[in-house]
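Please consult the sequence and structure below while reading.

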Amino acid sequence: MLFPSAHRSKRSASSPINPVLQNSLEEVELLYEFLLAELEISQDLRISIKDEELSSLRKASDFNTICNEIIPKSITDIRRLSAHLSERVGVLKREDFERTALTLAYTAYRTALAQGFQKDVWAQSLLSLFQALRQDLMKSSRPKRSQ
């Protein structure tokens, strides 16, 4: 399980938190808009969309849940995710790919803010996540063999 937080029940909900942002091309474009909009990351590492119009959309709630409840934020958890991804065989499920891409974006942000040795640690994690996503894309674009 790459993202265990997605399978935990939220205190206020009876079912696990497991939203997926990209169920259609329109939703992929909306995710792109969320990422291009100015995001705010608070001191306690909560991510929010600054644009009021975008943040009022229903999918923005899913975006906030994924970013604040599911993707890893600590360098230890991100490195653990990278290790699991490097050992993985087969193509990622859509939601795992999406969450890994969002973790990559978050890691890029943290890399930009870090200094000294910490910058190197974050940069290595960024590279590992990028390589995992690239490898997954390469696997998924290979023609399937007929038997």
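## A buried serine

Not counting residues up to four places away in sequence, Ser 125 touches Ile 75, Ile 78, Arg 79, Ser 82 and Thr 107, contact meaning heavy atoms within 4.5 Å. Ser 125 is found in helix α6; helices (H or I, at least four residues) and strands (E, at least two) are DSSP runs, numbered from the N terminus. Ser 125 is buried, with a relative accessible area of 3% (buried means under 20%, with a 1.4 Å probe and protein chains only).

## Basis of the model

The model is predicted: local features need pLDDT of at least 70 and side-chain atom pairs pLDDT 80 or more, while totals for chains, interfaces and linings use all residues. Residues are numbered from 1 along each chain as its sequence is written, and side-chain values use heavy atoms, leaving out hydrogens and water.

## Nonpolar core

The largest nonpolar core has 31 residues, of which Phe 34, Ile 49, Phe 63, Leu 85 and Leu 102 touch the most other members. Such a core is a set of buried Ala, Val, Leu, Ile, Met, Phe, Trp, Tyr and Cys residues joined through side-chain atoms within 4.5 Å. At least two residues each come from α1 (25-36), β2 (47-49), α3 (58-70), α4 (75-87), α5 (94-113) and α6. The core lies between domain 1 (22-70) and domain 2 (73-141), because both give residues to it; the domain bounds come from an automatic or database assignment.

Leaving aside neighbours within four places in sequence, Ile 49 is in contact with Phe 34, Leu 54 and Phe 63, among others.

Note on methods. Buried < 20%, exposed > 50% of the residue type's maximum accessible area, 1.4 Å probe, protein only.
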